[in-house]
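Please look at the two chains side by side before reading on. My notes follow the structure.

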Amino acid sequence: MTTLDPSSTVNVRYMVDDVETAVDWYTTHLAFTLLSKVAPAFADVRLGKLRLLLSGRTSSAGRAMPDGREPRAGGWNRFQLVTDDLGAEVRRLRAAGLGFRNDVVTGPGGSQILLEDPSGNVIELFQPAGADGGAR
Amino acid sequence: MRPASLALALAVLASAATTATAKLDTDATAVKVRYIVTDVDAAVAFYTRDLGFQLEAQTGRDFALLSLGKLQLVLSPPVGPGSAFQPASDGRRPEPGGWNRIILETHDLVGETERLRRVGARFRSDARTGPGGRQIVLEDPSGNAVEIFQPAGN
């Protein structure tokens, strides 16, 4: 029997090159609020029910694996932020000088675009098909 | 509304006010995370059987939606009809792996690790301890990371 605890907060860990830069970026551009910071190793920020843990190289999560692989930022797995106006969000973020990995693409479920944080981690901005506020 | 919830709501409102043009939905009932998987069926079996997720929806080999508490885990293969499959502007294709991950909390990391080893789970390393607690990272069948975490003092 599993002892995993489905709590009311969802915790996601992102590896980042620079914790201070990441904190500034998530709080400035995506309206996260800072929970705690022990730079340069670690900080955590919150947006709604998402708690995002930002781990630098000197954190316990940043140490190399026994086979030598070193944790680093990037990849394609991501959390999703839902908006009811993807076009406006993209314009707002482009105006702030932020980088995207691709352009807006539409599938059966809705439209999305991949925003990159300063370390190259990806954040999915998503507008549900036919939605007026929601993906619940 | 409990005081803590009220404080959080006020904090969210305050932060929203400082970035008045953001239209992100911070009030969603769930948090969605998307993982790229090479085999949706194998991933569904792993997350439901070994980690206790519920299967909410599946569209053949193209898409699955799982849930655990407030987490909704979307599984997308690297190629297919959905919006997740477009390559990057520089030509890079979506692929599983990387180090960013969901964290599943437990009050018994040792017991959880033993249970997962018995069902054949692959771990990237042994458990390691930091100031906040103790963690171990396992891999799903596609090589995506999943962290099991026990908070310090628990």
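1. Ground rules. This is a predicted model: local features need pLDDT of at least 70, side-chain atom pairs count only at pLDDT 80 or more, and totals for chains, interfaces and linings use all residues. Residues are numbered from 1 along each chain as its sequence is written, while chains are lettered from A and ligands numbered from 1 in the order in which they are written.

2. Chain B overall. Chain B has three helices and nine strands. Both kinds of element are DSSP runs, numbered from the N terminus: helices are H or I with at least four residues, strands are E with at least two. Along the sequence, the order is α-β-α-β-β-β-β-α-β-β-β-β.

3. Burial in chain B. Chain B has 154 residues, and 40% of them count as buried. A buried residue has 20 or more other C-beta atoms within 10 Å of its own; an exposed one has 12 or fewer, and a partly exposed one falls in between, with C-beta atoms placed from the backbone.

4. The interface. Here 57 residues of chain B are in contact with 58 residues of chain A. Contact means that the C-beta atoms of two residues, placed from the backbone, lie within 7 Å. On the chain B side, the elements giving two or more residues include helix 1 (3-18), helix 3 (109-118) and strand 5 (101-106).

5. Its make-up. The chain B side has 20 nonpolar, 22 polar and 15 charged residues. Nonpolar covers Ala, Val, Leu, Ile, Met, Phe, Trp, Tyr, Cys and Pro; charged covers Asp, Glu, Lys and Arg; the others, Gly among them, are polar.

6. Two strands pair if DSSP finds at least two bridges between them. Strand 2 (residues 10-15) of chain A runs antiparallel to strand 5 of chain B, with three bridges. Asn11(A) stands opposite Ile103(B), and Arg13(A) has Arg101(B) as its bridge partner. Strand 1 (residues 4-5) of chain A also pairs antiparallel with strand 5 of chain B, over two bridges. There, Asp5(A) partners Glu105(B).

7. Strand 5 within chain B. Which way do strand 5 and strand 9 of chain B run, parallel or antiparallel? They run parallel, joined by four bridges, and strand 9 spans residues 145-151. Ile103(B) has Glu147(B) as its bridge partner in strand 9. Six of the six residues of strand 5 are buried, so this strand is largely enclosed by the rest of the structure.
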